Each structure stands twice: as C-alpha cells, then as structure tokens.
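Please look over the sequence and the model shown here before reading the briefing that follows.

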Amino acid sequence: MNYTFKKASIADLDMLVETRIKVLRAANLLDNQVDMSEVETESREYYEKALRDGSHTAYLVFDGDKFIGAGGVSYYSVMPTYHNPSGRKAYIMNMYTNPEYRRRGIAYKTLEYLVADVKSKGITMITLEATDAGRPLYEKYGFCIMESEMVIEVV
C-alpha cells in the first residue's frame, strides 16, 4: 500500500467540506439534486473552528496527487461517569474511501491513525455511527454495538 496519509490542516478546508458532503449524500442516499448548501456552510464553519482549537482531527489519503479517502474524529466532553471518569470522548466520523479504492485496507489504516490520535490525547472512549457497509470494518477493528443508547429528534 503506497498511499499517503496526511493529517489535515486549515489549508485542506475545501477538500474536507467536499468530502463531508459526499459522505452525507452516500449515507443518506441523497442524489446531487438535494440542496446541501446549508450543511456545506455549517460544515465549513465547523472545520474552521474545530481544526484551529483542536476539537477535530482529520486525515486525508492520497494515491500520488489523487485524493482517495478521509476520516475524522471530533472531541467533546460529557459529565464524568464510572466507566469514563474524565468525561472526555471521541466520535469517529466522515470516513470515506473513493469507490475505486475500497477493500484495500485504506479505511482500516485511516481508522488506525484516528485511534492513535485519540489515544495520544488520553481519551479512552470512542463512539461512531456505522452504515451497513461500514459496520464490518468497525467490528473487525473491535468496535461493539451499544444497546443502551437512545435518540430523539427534537423539532
């Protein structure tokens, strides 16, 4: 595997936002006709702030000069618990591999970089949401399904 894995910086903002929109379209089965301009604007603002303050780390993957993949992790805090006394957590998101490059270990290697970044910050709790296609990758890495979490959409 002769791919280059690069930790993203603010200079990579356009590529990060473009990838975010690709991931959301794929995960939600949205075609290019669906307006994502608000999500694009909010994502740009998120990345600008989070890359500067360290609350997000992203990796970009290249085959030569060709962009082929990405992944990110957001950092946040909740009230401390018995199982997570610091309350610090990490959330893996925006995992993407160009369809031509899938099944070559790129997403797994990206995940390794992200988890190493999480560990370097002393965080011991990582969560994520998996699509059906991504679930085998995360299970192979050691992620488990959480059966106690619930969600409500407030409108």
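**Aromatic pairs and a buried aspartate**

At 26% relative accessibility, Y108 counts as partly exposed, a class between buried, under 20% relative accessible area, and exposed, over 50%, with a 1.4 Å probe and protein chains only. The model is predicted, so local features need pLDDT of at least 70 and side-chain atom pairs pLDDT 80 or more, while totals for chains, interfaces and linings use all residues. Residues are numbered from 1 along each chain as its sequence is written, and side-chain values use heavy atoms, leaving out hydrogens and water.

**Aromatic rings**

- The count of aromatic pairs comes to nine, where rings of Phe, Tyr and Trp (its six-membered ring) pair if their centres lie within 6.5 Å, with planes under 30 degrees apart stacked, over 60 edge-to-face and the rest tilted.
- The rings of Y108 and Y141 have centres 5.1 Å apart and planes at 55 degrees, so this pair is tilted.
- Because Y108 lies in helix α3 and Y141 in helix α4 (residues 135–141), the pair ties together parts that are 33 residues apart in sequence, helices being DSSP runs of H or I with at least four residues, numbered from the N terminus.
- Ring pairs link Y108, Y138, Y141 and F143 into a cluster, and F143 is buried at 17% relative accessibility.

**Surroundings of D117**

- D117 belongs to helix α3 (residues 106–120) and is buried, its relative accessible area being 7%.
- Leaving aside neighbours within four places in sequence, D117 is in contact with K7, T57, Y59 and Y75, contact meaning heavy atoms within 4.5 Å.

Methods: Helix = DSSP H or I, 4+ residues; strand = E, 2+ residues; numbered from the N terminus.
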